[in-house]
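Good morning, colleagues. Please bring the sequence and the structure up on your screens, and I shall take you through them in a few minutes.

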Amino acid sequence: MPVRKAARLFVGLFAAMAVLGMAADAEAQEKKIKIGVIYDLTGPLAGGGSELQYIGAKIVLDQYVKSGVEGYKVEAVYADAQSKPDVAINEAVRLIEQEKVDMLLGFYSSAQCVPVAGRVEQLKKFMWITTCISSAVLDGKNYKYVFRPQASGDQFGMMTMDFIAQNSKAKLGKEPKDLRVAIIHEDGAYGVDVAKGNEAGAKKAGFQIVLKEGYSATAPDLSALVTKLKRARPDVLFHTGYNPDITLFGRQAREQGLKVAALIGHGAGYGVYEKLKEGLGVDANYVFNTDPISIWAANQKTMDPKLPPVIKMVGEEFDKVKPGVAIRSAHVGMAASNTYLFLTDVLPRAIKKYGGVDPEALRKAALDVDVPEGGTMLGFGVKFPAEGAQMAGQNERSFPVVIQYVDDKSYVVWPKSQAVREAVLPLPKGTTFSNQ
Amino acid sequence: MQGFLDIFDIYLLEAVINGILLGGVLALLALGLNLIFGVIDVTWICYAELVMIGMYGMYYMVQVFGLPYWAAAPFAIMLVAALGAALHYFVIAPLLTAAPINQLLATGGVLFILQSFATVAFGIDFRNLGIRLPVLTLGEMHFSYSRLLSFIAALAGMIVVYLFMTRTFTGTAIRAIAQDRQIMSLMGVDTKRIYLVTSALGGALAGLAACLLVLQYDVHPFVGLSFGPITFLICVLGGLGNFIGGFIAAFVFAEIISLGGLFSDLEWGYVLAFAFFIVMMFIRPAGLMARRS
């Protein structure tokens, strides 16, 4: 009897341990981070670059959905902002309150980023911005839960002005004080911010600003703007727009005979070469664009050695989704790199050092990020300023580069540390917009 | 004197002429919508989306199937004409006696259906016909041939519609129905057929606009958003259903946009145009060319 009793006790104990063990396993399996991902998959912004950003982020997320991070499952919930700020806000709130996501990632348009960041901060949720660049998202806001590894809009504007300032005498044969520049931009948060950077850069360089003007990205006609530009006779035109306003402007500028020494774009529509070429034809040749460097053009020799295989993988996966693309847009790599940074740096630290994936742990982990130059696929490093700083949440080490499209290829031409060739400046004689 | 010359220079003339050419584009868009409203007394909120479908038709025929532009255009016009007739048959006809708001909501629903259909069927990419027409140069002034074509088409379209309405039996019947819907059926006129013909004609005019707009704009599912609201404003400003009023309103609107944009920020051109519209609605609520009752 005692033996039977002992056996029953042993079996009972074993069963209890098994049940407890399974429960513990189940609990371990339940450990997961649910990430709400928002880009524009429909509406004008989708074709203007947002869909490419979505593809880049998804390629990286898919890898970690398979493997998980530090014992946590990764689940991505995607939402379409439909190119509308109100929809972006509603989707962000829906993902947080109904889908119970732990954080939000993505956002293409600055017009969406500005209000969504405010709302997410209010809800005390973590937001990781991969794309939108307007300084207005973070400037003076002192948000605690919103972080952006991406360069800011005024940096874009300053970078292109610096590029022209350093080349004014040598390439354009004019002292900066004699150089006439025009700044035109779509009138949303993105265009206004880049133009602000342009203006500050122009003043710093001593350029003459002959025209600075905003326009609605959905305006059906820009001919009056082109006429004003012709009257103002700028040497260099700095343009910030989405699409299709860029192609409409380019087409009307050609038809109305606008002539300049250089046409310089600032990301968004200028970052999607395929569409630029389709819309402008040969006129897309020699156009400049400013963006974070394309991950496929970044200098891999100075990069963290674990990154080149990731870049290769992103390229291969992208080619499966969009085969036959002549120049892989920088948009894809931008989202891929910034998503990868979160999943390989911020998230593991939050789990290991701060014990989970709640907003506090993610925030502390983000503030600890200290990636040196060459530590991301985009070439730049990452460091967020301490709380209370003017641009809290903005990566201090990010920078865009100036590229030029030459014969269906893109080349980094500025800053000199990243440049792979000399810029073709001014526009060669015989090209549509050339004032030579 | 110098101040005068600074303002009244060659660029002012260019802006005036560009305003006229933009007016041609807007007049072309307003023509079909005015016809529909004038006869059937229904506002097609989805009119600009019919233009968008026509633009896609042109893109696929020219870029994908390799048809020459001039051969593709009649097919695109027929396609949108058939769509216009189908819209009337399936959506408008069952609602002819319903409250105007129901008709408005129904065509608003069609707007979203067409946008979503285009997104699913054609994707979100911007498509371009890839045709570069030459530029007309007069001294320092340059003008777009595609805009010139739109202007000529709008003018010709208005004359043809006018002649059709005044010189043919069907046109006379259409005008008669526009005046009194009930009495014409008592006099033996097949109103259903006339409505269908009118809708097809309105659709054909949207198709014609599509053929010319596709030379100037990228095609995407939401291209209608750029034109739809302005087209409605012009129709209302000219007097809904009044072809000549719509034609003149298009040019007035376009000139305000063009010259307002030249002398101030481009955005102010649109603000001035919309402010003018609001003021005119107070002064002449039935439209610029409305007859005094």
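Of the 18 residues of α3(B), 15 are buried, so the helix is largely enclosed by the rest of the structure. A residue counts as buried if 20 or more other C-beta atoms lie within 10 Å of its own, as exposed if 12 or fewer do, and as partly exposed in between, with C-beta atoms placed from the backbone. After α3(B) comes Gly66(B), with a positive phi near 70°.

Two remarks on conventions. This is a predicted model, in which local features need pLDDT of at least 70 and side-chain atom pairs count only at pLDDT 80 or more, while totals for chains, interfaces and linings use all residues. Residues are numbered from 1 along each chain as its sequence is written, and chains are lettered from A and ligands numbered from 1 in the order in which they are written.

Now to chain B as a whole. Chain B contains 12 helices and 2 strands, and from the N terminus on its elements run α-α-α-α-α-β-β-α-α-α-α-α-α-α. Its radius of gyration is 20 Å, close to the 19 Å that the globule rule gives for 293 residues, so chain B is as compact as a globular protein of that length. That radius is taken over C-alpha atoms, and the rule is 2.2 Å times the number of residues to the power 0.38. Along the principal axes, the C-alpha atoms of chain B fill a box of roughly 70 × 55 × 35 Å. Buried residues make up 52% of the 293 residues. Of the contacts in chain B with a separation of 6 or more, 77% are between residues 24 or more positions apart; two residues are in contact if their C-beta atoms, placed from the backbone, lie within 7 Å.

Which residues does Glu14(B) contact, leaving aside its neighbours within four places in sequence? They are Thr227(A) and Met141(B). Glu14(B) belongs to helix α2 of chain B, residues 10–40. It counts as buried because it has 26 C-beta neighbours inside 10 Å. Its C-alpha atom is separated by 9.7 Å from that of Ser258(B), 244 residues away along the chain.

That brings us to the interface between the chains. Here 34 residues of chain A are in contact with 33 residues of chain B. On the chain A side, α2, β7 (208–215), α7 (223–232), α8 (245–255) and α9 (273–280) each supply at least two residues. The largest share, 7 residues, comes from α7(A). By class, this side of chain A has 9 nonpolar, 14 polar and 11 charged residues. Ala, Val, Leu, Ile, Met, Phe, Trp, Tyr, Cys and Pro count as nonpolar, Asp, Glu, Lys and Arg as charged, and the others, Gly among them, as polar.

Within chain A, the assignment gives domain 1 (31–151 + 302–383) and domain 2 (154–291 + 400–414); such bounds come from an automatic or database domain assignment. The C-alpha centres of the two domains lie 28 Å apart. Their contact takes 22 residues from domain 1 and 23 residues from domain 2. On the domain 1 side, α2(A) gives the most, with 6 residues. That side has 13 nonpolar, 9 polar and no charged residues.

Finally, the strands of chain A. An open sheet of 5 strands has the order β2-β1-β3-β4-β5, with parallel pairing; two strands pair if DSSP finds at least two bridges between them. β2 (73–80) and β5 (146–147) are the edge strands, each pairing on one side only. Strands β1 (32–39) and β3 (103–106) run parallel and are joined by 4 bridges, and Gly36(A) stands opposite Leu104(A) in β3(A).

β13(A) pairs with β10 (288–291) in the antiparallel sense over 4 bridges. β13(A) also pairs with β14 (409–414), again antiparallel, over 5 bridges. β13(A) and β14(A) form a hairpin with 2 residues between them, and Asp407(A) in the turn has a positive phi of about 50°.
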